[in-house]
Amino acid sequence: MTDGIINVLKPPGMTSHDITARLRRIYGEKKAGHSGTLDPDAAGVLPVFMGKATRLLEYVDGGTKRYRAVGILGIRTDTGDDSGQVLERKPAEISALQLEQALLNFHGKISQVPPMYSALKVGGKKLYEYARQGIVLERAARPVEIFTLVPVYFRPPYFCLDIECSKGTYIRTLLEDIAASMGTCACLRFLLRTKAGDFRIGDSHTLDEIAADPESVLMPPETAVSGIPKAEVNERQAFRITNGVKTTIKGLAPGRYRLYCQEKFLGMASVEDEIVSPEKILFQIRETEE
């Protein structure tokens, strides 16, 4: 069994599912999942978790994301990007200063209505499945947070932004909303994800690189939780905790921990009132001396 994480540099033209399926074949591992879906036309960081590492996916999904996005002013499409059908054209006589001022209104906590062409599920079906049937559903606005929003260049009708945002932010919708605030419309031209949680584009690998040397790019499961405090336990404590038994350990402050025994990563645990409770156990200690 392959237990680990691959930081994939996803190319345009492949779905996130395509990438995961390719890695299943490369590693001969049935259990795999990715963190944070990228649209088929988008590129960039796509962490793929293999084997037992899939149990840690939730810790990456909650992390911040960074993107470089290129938009086109004056065009609105049904998909929110330039691959869709044009629904509207508007004049876009916007200055660089107007764009910079508009961006100021989108910092911090904002609300977004999810686009119809998205993987969000409603009634057991993904929104894009309804959209392809010509069905438009009412969608409630959802809170997201924009941490940084910086203009990279402005060459009308094109504009480029660097964005750091919370989980669940739709970049296509963000560009549309920014344009609407300036009295025009926009769609996404290109999207590159440069960071997902602690995974960065500078450390990512192409599919060809992965296929050429699969083991060299495989990171240990605990890479996903490297920013969470570490707790070392003895063999007896590890045996109890990894077998589902809450255990008192003096001196541990409340919070969530990466759990280790003799430097071996076991999984995730939480502590309250010095009582350690297992959260996600990847590697079980089956025997210990009494």
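# Close-up views of a predicted model

**View 1. Phe49 sits inside the protein.** Phe49 is buried, because its relative accessible area is 0%. The model shown here is predicted. A search of the whole structure turns up two aromatic pairs. In one of them, the ring centres of Phe49 and Phe199 lie 6.4 Å apart and the planes meet at 70°, so this pair is edge-to-face. Phe49 belongs to strand 3 (residues 43–50) and Phe199 to strand 13, so the pair ties together parts that are 150 residues apart in sequence. Phe199 is buried as well. Its relative accessibility is 4%.

**View 2. Confidence along the chain.** The average pLDDT of the protein is 93. Of the residues, 98% score at least 70. Where is confidence lowest, and where is it highest? The lowest mean, 82, belongs to helix 2 (residues 57–61). The highest, 98, belongs to strand 11 (residues 158–165).

**View 3. Strand 11 and its two partners.** Strand 11 is mostly covered, with six of its eight residues buried. Strand 4 runs antiparallel to strand 11, and eight bridges join them. Here Arg66 has Glu164 of strand 11 as its bridge partner. Strand 10 is also antiparallel to strand 11, again with eight bridges. Ile146 stands opposite Cys165 of strand 11. In general, strands of a sheet pair through backbone hydrogen bonds.

**View 4. The turn between strand 10 and strand 11.** Strand 10 and strand 11 form a hairpin, linked through two residues. Pro157 is located in this loop. The peptide bond leading from Pro156 to Pro157 is cis. Its omega is near 5°.

View 5. Helix 5 covers residues 171–181. Which of its residues are buried? They are Ile171, Arg172, Thr173, Leu174, Leu175, Ile178 and Ala179. These buried residues pack against strand 4 (65–73), strand 7 (108–112), strand 10 (142–155), strand 11 and strand 12. They also pack against helix 3 (96–103). Gly183 follows helix 5 and has a positive phi, near 85°.

**View 6. Thr20 in helix 1.** Thr20 is found in helix 1 (residues 16–27). Is Thr20 buried or exposed? Thr20 counts as buried, because its relative accessibility is 2%, and buried means under 20%. Beyond its neighbours within four places in sequence, Thr20 contacts Ala32, Gly33, His34 and Val48.

**View 7. Asp198 in a loop.** Asp198 lies between strand 12 (186–196) and strand 13 (199–200). At 47% relative accessibility, this residue is partly exposed. Not counting residues up to four places away in sequence, Asp198 touches Ser226 and Gly227. Asp198 and Ser226 are 28 residues apart along the chain, yet their C-alpha atoms are separated by 8.2 Å.

View 8. Strand 17 (residues 264–272) and strand 18 (residues 275–281) run antiparallel and are joined by six bridges. Val271 stands opposite Val276 of strand 18.

View 9. Neither is a glycine, but Gln262 has a positive phi of about 50° and Glu263 one of about 70°. How accessible are these residues? Gln262 counts as exposed, at 58% relative accessibility. Glu263 is exposed too, with a relative accessible area of 55%.

**View 10. Lysines over tyrosine rings.** The charged end of Lys125 sits over the ring of Tyr130. The distance to the ring centre is 4.5 Å. Lys230 lies over the face of Tyr260, 4.6 Å from the centre of the ring.

Conventions
Residues numbered from 1 in each chain as written. Predicted model: local features only at pLDDT ≥ 70, side-chain atom pairs only at ≥ 80, totals over all residues. Heavy atoms only, no water. Pairing = 2+ DSSP bridges. Helix = DSSP H or I, 4+ residues; strand = E, 2+ residues; numbered from the N terminus. Buried < 20%, exposed > 50% of the residue type's maximum accessible area, 1.4 Å probe, protein only. Contact = heavy atoms within 4.5 Å. pLDDT = per-residue confidence, 0-100. Phe/Tyr/Trp six-rings, centres within 6.5 Å; stacked < 30°, edge-to-face > 60°. Lys NZ or Arg CZ within 6 Å of the ring centre and 35° of its normal.
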